[in-house]
Amino acid sequence: MQNKGFIKVFAALLVLVCLFYLSFTFVSRHFTQSAEDFAKGDDVKFSSYMDSISSEKVFLGYTFKECRELELNLGLDLKGGMNVVLEISVSDVIKSLSNNNPDENFNKALKSAKEIQVVSQKDYITLFVQEYKKIDPNARLAAIFSTYELKEKITPQSTDAEVVYILRTEVKDAITNSYNVLRTRIDRFGVVQPNIQQLEGDDGRILIELPGVKEPSRVRKLLQGTANLEFWETYELSEVYPYLVAANREIARLKDDNVVADTDSSVANIATDSTAVASADTTANASDSLLNLVQAGPKQNADSMNQQANNEKAYPLFSVLQLNVTSQGAAAPGAVIGFAHAKDTVKVNDYLSMKSVKDLLPRNLSLKWAVKAMDEKGLFYELYAIKVTNRNGRPSLDGSVVTDASADFGQNSATAKVNMSMNAEGAKAWARLTKENTGKCIAIVLDNVVYSAPRVNGEIAGGKSEITGNFTPEEAKDLANVLKSGKMTAPARILTESVIGPSLGEESINDGMWSFAIALVILFGYLIMMYGWTPGMIANVALLLNLFFTMGVLASFHAVLTLSGIFGIILSLGTAVDANVLIFERTKEELQGGKNVKKALEAGYSNAFSAIFDSNLTSIITGIILFYFGSGPIRGFATTLIIGIVCSFFTAVFLTRIVFEHFLEKGKFTNLTFTTNVSKNLLANPSFKFMDSRKKIMTAMAVLLLFFMVVIGIRGLNQGIDFTGGRNFVVQYDKAVNTQDLEEALQPVFNPDGKLANAVSVISIGDEDQVRVSTNYRITDVADDAEVEADIAQKLYVGSKNFISDDVTQDQFITPKHIVSSMKVGPAVAADMKVDAIWAVFFSLIAISLYILLRFKNISYSVGTMIALTCDVFVIIGLYSLLWGYMPFSMEVDQTFIGALLTVVGYSVNDKVVIFDRVREFLHLYPSRDRKQLFDDSLNTTLSRTLNTSFSTLMILIFIFVLAGDAIRSLTFSMFVGITFGTFSSILIAAPIAFVMQKKQLEKKAHADSLKK
């Protein structure tokens, strides 16, 4: 083999890279376990310990915080947490762009478009324009949107097409601004490894994943609030310093007297809401570094604690809030009065919210934290002194007056700046505000935190301002986006929501890992049993390397490992087995032809390469389509499948060959036979006449397809909420529950008049005391989500009264103890998912057929593959239609089901590629052989490989089906059916169709040749 040196170096580098990225996971888990051992179940101690070591360098110069960010991410189905898809209200954005135009037809079109969008695939702007033109065909959009704010973009003479273009641009900017606001809110929420991404399209959808979140209601409130941009006057530290000293003295007195001081729950003077810099889960601890205290000796611990206690006793406020003073001890200029460690911000808030302390502070003083940390490590936050000058407590100016903002990167300046424009009303107010505050700072506040506080150099007239500071280009862009976000309100509503309790996540991990481990052992044993100890172990080591490389690449990409992702890894291992089987089977053929082991292996690798390459590439094509059209777990599955297939190709084709050649050069492995007593005579020289049975098989297939058409027409499909819209709740009861009895109890509660189709359904999930309740009740309701959720929770509780203890209250019932997880999918998203699913299946079939046409250069192979794969898909769909309601697990047609279909398509095509590759090879070797005999020979010589690969994969699927949880049981069943049928369709459908078409091609060619003569 050529380029051995390159392959060895590449493999060594890949090992080092994978070790590097995977090491962070082990380091992070080690210190997390240490925190759990220290806390012994105390959440406050655990959080304090984690905070205390966050800035400590624990591994290769990386801090613990950086290690946690680099560790392999676990998906919500493994870790627990919350998944939300938000949609920005495009309707409100457009209304804001029109300056809230009162035109009756305009507002009627907005309302009508909003109602249609619930069930339409078109974006909102297209629907709005259609409805507006339908109401008034002669109306011009420019008449509505040629406002003062948009005067430079839309004039009364602008065409409708130009206006639509501007609307789309402005809406896109609004969505981007909302995305930035949400990203900042999530960062302040304190979630480790959150995932927030703007989904493709013009519908304003944003995906947010929050691992480990335990307060869904708090998250909903956080995410759905509108951005509130404000401009405030400020105090200097020198002005409020005496008050802070008095506050510190009062806090010390209260602590010395052991007085339990009342705190004012309002946020008039300081931001203490749930979006504060440090969440309530990270309550401050008296120790600077709990890790140091734990590791130090008893005397050191006592001395450190005594010193800390003395400081807190005399200066309780200043021990956690460092005043912003110069090196000479004088108050530094500016609105920043001090800074505190992230873990101490809650304590500062608590101190300054005490009623007696607030009475000492100026009534018009409001203290707000900075949005970002002041240091590179992200540990310390600045506290700003805001001056409330209006009697109603409102800011001097709000963001509604801002018309535009942009970052400017001048070549003559080392730092970036931000240009801001205001409307006429804002320009007047801004001129007055800047004139009165010349020499002072004006704070720019969004969501109650300070983004910037630039100093005013003089009166700014005309509404155009230039904000300078020590900004990096990224900071300037962020500030510009903040200013633009105040230009219009863009409230978000939750389209889909999934809450997974940590207990369910732990159960999923156990199920997934057990099924994974057993599947791996089965693979190892199968290869040894079929090909002998030495070839089997070389292949097994390659499988372990494949697993190691896959996990390492996932970690380096910061990809998320989900339960379906684990399944994707297992399937990629099956693909690696397929490659090894192909190589070993071809090697056996060469050995039977009289070659020695070295020559046979060389020919085996060479002859199997094209089939392995084609089959792997078609699987990757399917994975890419799956990733493009899928979302959430399906994308995780596709990601791991693609990475796993690439790694399996490298390990199976190149690394195993290097090992074999290395030992052969040393005179070892010369007696390998690649057979055992079990496989020696298995399918030895088969001579089945497959082509003679083609008509009977085609007739039987036609009858089967017709039968499934009738079944689908009568029974339909059990569509999941992915495709219909609705809500799922996984509910844990105290005892075994009869699903039929529970459904009968819930029906009159959710559907009292009997008019709602599919109002509620109940199926068992896992144990008999755990069920999944599905309902489409109020799914199209445009009311407040919190109100709808409360209504559904109340109905679920009332309907479950006979199945829970009498002492369980509604508040107790809706906790994770009983409602383990929940999921919501809006009808618009469901419709989009259904369309995407159909396109995914269609494009995968087309893409694979085109690839096979490109590779084999004969349309007969493409047509045979297309028809066989279509039959594979149709049989699975037909079985799901036939069996749903009768099987003891979910038989829903949803995104997971589509993922299974596409996986079956990618896997099934492997068989077809291998068979057609052998047909092509035989056509080259024996061009004059009878075509029917040639096809039969091709099928017989590949039969051992086809059945061996399918059987090994089916064994894996059986173990996963039995051991894994219900989360993937339906997926496993569909794949079991698909691979079983796909194996036979390769032999009995794809090959015969290709044969019939080639036979006709030969007849046409013969007829044409006879005419020429």
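This is a predicted model: local features need pLDDT of at least 70, side-chain atom pairs count only at pLDDT 80 or more; totals for chains, interfaces and linings use all residues.
Q: What else describes the packing of α6 and α7?
A: Their axes lie 8 Å apart. The crossing of α6 past α7 is right-handed.

Q: Which residues make the contact between α6 and α7?
A: From α6 come N105, F106, K108, A109, L110, S112, A113, K114, I116 and Q117. From α7 come Y124, L127, F128, E131, Y132 and I135. By class, the contact holds 10 nonpolar, 3 polar and 3 charged residues.

Q: What makes the phi of L60 worth a remark?
A: Most residues other than glycine have a negative phi. L60 is not a glycine, yet its phi is positive, about 50°. L60 sits in the loop between β1 (57-59) and β2 (62-63).

Q: How do you know whether L60 is buried or exposed?
A: Exposed means over 50% relative accessible area. L60 has 59% relative accessibility, so it counts as exposed.

Q: Where is K857, and what is its phi?
A: K857 lies in the loop between α28 (827-856) and α29 (859-883). Its phi is near 55°, a positive value in a residue other than glycine.

Q: Why is K857 called exposed?
A: Its relative accessible area is 69%. The cut-off is over 50%, therefore K857 is exposed.

How values were computed: Residues are numbered from 1 along each chain as its sequence is written. Side-chain values use heavy atoms; hydrogens and water are left out. Axes are lines fitted to C-alpha atoms, for helices over the stretch in contact, and angles run from 0 to 180 degrees between N-to-C directions. Helices (H or I, at least four residues) and strands (E, at least two) are DSSP runs, numbered from the N terminus. A crossing is left-handed if the near helix is turned anticlockwise from the far one by less than a right angle, and right-handed if clockwise. Contact means heavy atoms within 4.5 Å. Ala, Val, Leu, Ile, Met, Phe, Trp, Tyr, Cys and Pro count as nonpolar, Asp, Glu, Lys and Arg as charged, and the others, Gly among them, as polar. Buried means under 20% relative accessible area, exposed over 50%, partly exposed in between (1.4 Å probe, protein chains only).
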